[in-house]
Amino acid sequence: MCQIMIHCADQDRPMLKKTDDVNFSLSAYRRMSLIRGIERLCREFSSGKTPVAIGSIHLCAGQEAIPVGTAEALHPEDRISATYRGHGWALEAGIPAFEVLSEIAHKGTGINGGRAGSAMMIAPEHRFIGENSIVGAGYPIAAGVAMAQKIQGTGGISVVSIGDGAMNQGAVHEAMTFAALNKLPVLFICENNGWAEMTRSDTVSPMPRQAQRARAYGMRSATVEGNDPIAVRDSVASARTYILEKDAPVFLEFNTVRLWGHYNKDLQHYRPRSDVREAETRDPLVALRTRLVQEGTISEAELSQIDQDLENELEQLRTEVIAAPEPDPATAMDHIIGAAPSPVAAVAGSDEPSETTYGKAVAAALQAELNARPELLVYGEDVGVGGGIFGCTRNLQKEFGATRVFDTPISESAILGSALGAAMMGQRPVVEIMWADFMLVALDQIINQMANLRYLTRGTCTAPLVVRMQQGVTPGSCAQHSQSLEALLFHTPGLRIGLPSTAQDAHDMLRAAIACDDPTIIIESRAFYQRQETVDFSAPVQPIGGLRTRRTGKDIALVSWSTGMPVVELAAELLADSGVEASVIDLRWLSPLPEAALIKEIRKAGNAAFVMHEANQTGGVGAELLCRLREAGIENIGRLGTPDMRMPASPVLQRQVLPNAETVAARVLTQLGKE
């Protein structure tokens, strides 16, 4: 049920009588003033002919009472995530003001060394999971943080704030569904300042109160006066108690004001002057100051002295930040991706190689890692009870329990975002996206979130998680279930990407991925799941990286991966009948790309290469490979991919357009001048 837990209008605020209220109000006044002062410095830094801070800065003037009141009610074991208008949240989480302002000014002394800037500040060491410049994206990550807190029994909660405009983002509602279903200790906060960027909120929201929207998830919710730090503090304290006692999330909507524009350069041409004036009458700092004086808590002269002391502090801060060094240009490429981990131990009790399927080899890898790593979680759509639609997680829930292997709603943003949040808290999730095509509805969580973490934190925080998915064409699969999308991910720095083509690699590469501290994407092929092969589970698992030469030859190297491997292996046999000895190279890992090893193998194979992949040709990985080979001085090169088209469901039409061994062999003979 949606409830009004606390509502304090300006005209009916209670007198400050309790000592803790008095002390907190004085503390809140100074803390809110500090936030306001830093936001003023941000405006100064971003103006003039030679600005200190470049780019857009989203300022929280008018909303200071919310982070201050919230932080007062939190405990050290709690974690905080914020919207991009989050400087106040960063300060209240405990990041020193110098490091906050330095980061906004892109200085080397910033909390992220200038890598995050104003809108993506992150400091897990200060319990600050970070700001998020993608609207609404922080909710799924915060749900993952809460999931880890619950599993680990920390006794803490995850607090996450967004603006009211973000309430129309699908990821927000996926996260609330995920949290309510799993009874996660998360406090969802909406800072409702009446504006969704440059549009009035009431013109884009279907309901007058955002708290009402949380009712659909069976979540306790409230609308609270967000300009009163005491009301905020008491509401959050009440919510925190409820969350931990009732084992359920809570949603709080704080009504507040935006005194300045959407960002630092916003002229607010869209905003009526009357709205600006009305917001100024609700300025929380002015209201708190007036209240403190009227109730005799402190004199005007004493408050003026606090203001003067703070101005002196801010002036010193201003001077120090301006004088702070710029980041070292030599470090710009540091911490994009981590070093490869050590080899993984063989499965205990394994002996001789045995016959199994590609799909069962995946299951064996998950079973081995669940046994070896108590922090490992396996989840996704139909992963638990049903064992996955391809059977790769069958019986794992029975063996390891529903806390470690479980089903999720059909909510890709929640699955991927929660995996990141949980990984940041020390868990090691392996999540399944049923079809690679479905990844596209939540690509933000992979590219904008996971891939950035190591770089932004300069290697102090990583995302040790694995995303399993399968892709490719099978008879009858339609255009939304048959794409090969590795090139999208290959383009993104910060990810590891593997595509196993054998059952042995399906087992070994998944275990290597789980051992890695970077976000790793394992792309399987459903065409292989039932293929019977021999697997040696007793062999040590090599760390991420490296290709496999499946066949040696002196005339040309045929290069592929995943579903391309059976095609080029058969093409090599056809070429042998024509007197051409072709090497067959399984690239396996696209990131880290084994470029040096690939060039070495090609030089041994006649200094000639032909690259083939099932993905459509334009913009495919093959184009990048050929470019690099040409730069290395290898000029006898060729490629083949699927034509640039949508994939039909008809097997007859599919066979007409997919690369096949005969076509590959013919193209190679032409390339070698032996047509």
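## Charges over rings

The charged end of Arg200 lies over the ring of Trp195, at 5.6 Å from its centre. Arg43 sits over the face of Trp260, 3.7 Å from the ring centre. A charge counts as over a ring if NZ of Lys or CZ of Arg is within 6 Å of the ring centre and within 35 degrees of the ring normal.

This is a predicted model, in which local features need pLDDT of at least 70 and side-chain atom pairs count only at pLDDT 80 or more, while totals for chains, interfaces and linings use all residues. Residues are numbered from 1 along each chain as its sequence is written, and side-chain values use heavy atoms, with hydrogens and water left out.

## Aromatic pairs

Rings of Phe, Tyr and Trp (its six-membered ring) pair if their centres lie within 6.5 Å; planes under 30 degrees apart are stacked, over 60 edge-to-face, and the rest tilted. The count by this rule is nine aromatic pairs. In one of them, the ring centres of Tyr139 and Phe188 are 4.6 Å apart and the planes stand at 40°, so the pair is tilted. Tyr139 belongs to helix H5 (residues 138-152) and Phe188 to strand S4 (residues 186-192), so the pair ties together parts 49 residues apart in sequence. Helices (H or I, at least four residues) and strands (E, at least two) are DSSP runs, numbered from the N terminus.

Tyr139 is buried, at 0% relative accessible area, and Phe188 is buried at 0% as well. Buried means under 20% relative accessible area, exposed over 50%, and partly exposed in between (1.4 Å probe, protein chains only).

## An aromatic cluster

One aromatic cluster is formed by Tyr358, Phe390, Trp435, Phe438, Phe528 and Tyr529.
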